[in-house]
Amino acid sequence: MQPEHPKEHPSIGELTHRNIEAILCLEEGNRRSKPALYKLVARMSRFCGTVAFLWWNLGFFALWIAVNQWVWKIDPYPFTFLLFLVSIEAIVLAIMILISQNMSDEENERRHHLDLQINLLNEREMTAMLRLVTRMAEKMELPPEADDEVKALTEKTDPGKVLHQIVSAEAAHGKGG
């Protein structure tokens, strides 16, 4: 019988793959929960932002002008009805782009909030580890070389105070508002 080998720890690649999959599944679930109209707008705005859509528009306009010049003068020059259609298309596209940007902003805000929460949890974990290491160093009677900095880092971080520091620093550098 062969001795059992302990299970190897997952690689960084495997860990990041799991995290990426988890986030993508959350985002996909959120997209699926959107009403059908929002899904349709998202699909249409993705298509309207392609070169294929540009070519389709150019082809349609060229065909419209050619047909109305030489074949069937249903909308003669200056192509008033074509201008009307282009105006309607521009209005609809602008609204779809705004809706799409709002959905993207919501997703970005959720990602930002997730990132912030993970960073806050990480800060708490690191503070707890630093406290533990500090107590271990005291028990082992190691010399306190950077004691003041370590003690400062073992304090809980107040996100509100940090945000206030950022706002104050930005204002001092002329970047506030």
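User: Where is Phe-79 in this model?

Analyst: In this predicted model, Phe-79 sits in the loop between H3 and H4.

User: Why does Phe-79 count as buried?

Analyst: Take its relative accessibility, which is 10%. Buried means under 20%. The value for Phe-79 falls under that cut-off, so Phe-79 counts as buried.

User: What is the phi of Phe-79?

Analyst: Phi is positive, at about 60°. Yet Phe-79 is not a glycine.

User: Which peptide bond is cis, and what is its omega?

Analyst: The bond from Tyr-77 to Pro-78 is cis. Its omega is near 15°. Pro-78 lies in the loop between helix H3 (51-71) and H4.

User: Why are H2 and H4 called roughly perpendicular?

Analyst: Start with the angle. The axes of helix H2 (residues 36-48) and helix H4 (residues 80-139) cross at roughly 110°. Angles of 65 to 115 degrees count as roughly perpendicular. The crossing angle falls in that range, so H2 and H4 are roughly perpendicular to each other. Their axes come within 9 Å.

User: Which residues make the contact?

Analyst: H2 brings Tyr-38, Val-41, Ala-42, Met-44, Ser-45 and Cys-48. H4 brings Leu-93, Met-96, Ile-99, Ser-100 and Met-103.

User: How many residues of each class are in the contact of H2 with H4?

Analyst: Nine are nonpolar and two are polar. No charged residues take part.

User: What is the handedness of the crossing where H2 passes H4?

Analyst: H2 passes H4 in a left-handed crossing.

Notes: Residues are numbered from 1 along each chain as its sequence is written. This is a predicted model: local features need pLDDT of at least 70, side-chain atom pairs count only at pLDDT 80 or more; totals for chains, interfaces and linings use all residues. Side-chain values use heavy atoms; hydrogens and water are left out. Axes are lines fitted to C-alpha atoms, for helices over the stretch in contact, and angles run from 0 to 180 degrees between N-to-C directions. Helices (H or I, at least four residues) and strands (E, at least two) are DSSP runs, numbered from the N terminus. Angles under 35 degrees count as roughly parallel, over 145 as roughly antiparallel, 65 to 115 as roughly perpendicular and the rest as oblique. A crossing is left-handed if the near helix is turned anticlockwise from the far one by less than a right angle, and right-handed if clockwise. Contact means heavy atoms within 4.5 Å. Ala, Val, Leu, Ile, Met, Phe, Trp, Tyr, Cys and Pro count as nonpolar, Asp, Glu, Lys and Arg as charged, and the others, Gly among them, as polar. Buried means under 20% relative accessible area, exposed over 50%, partly exposed in between (1.4 Å probe, protein chains only).
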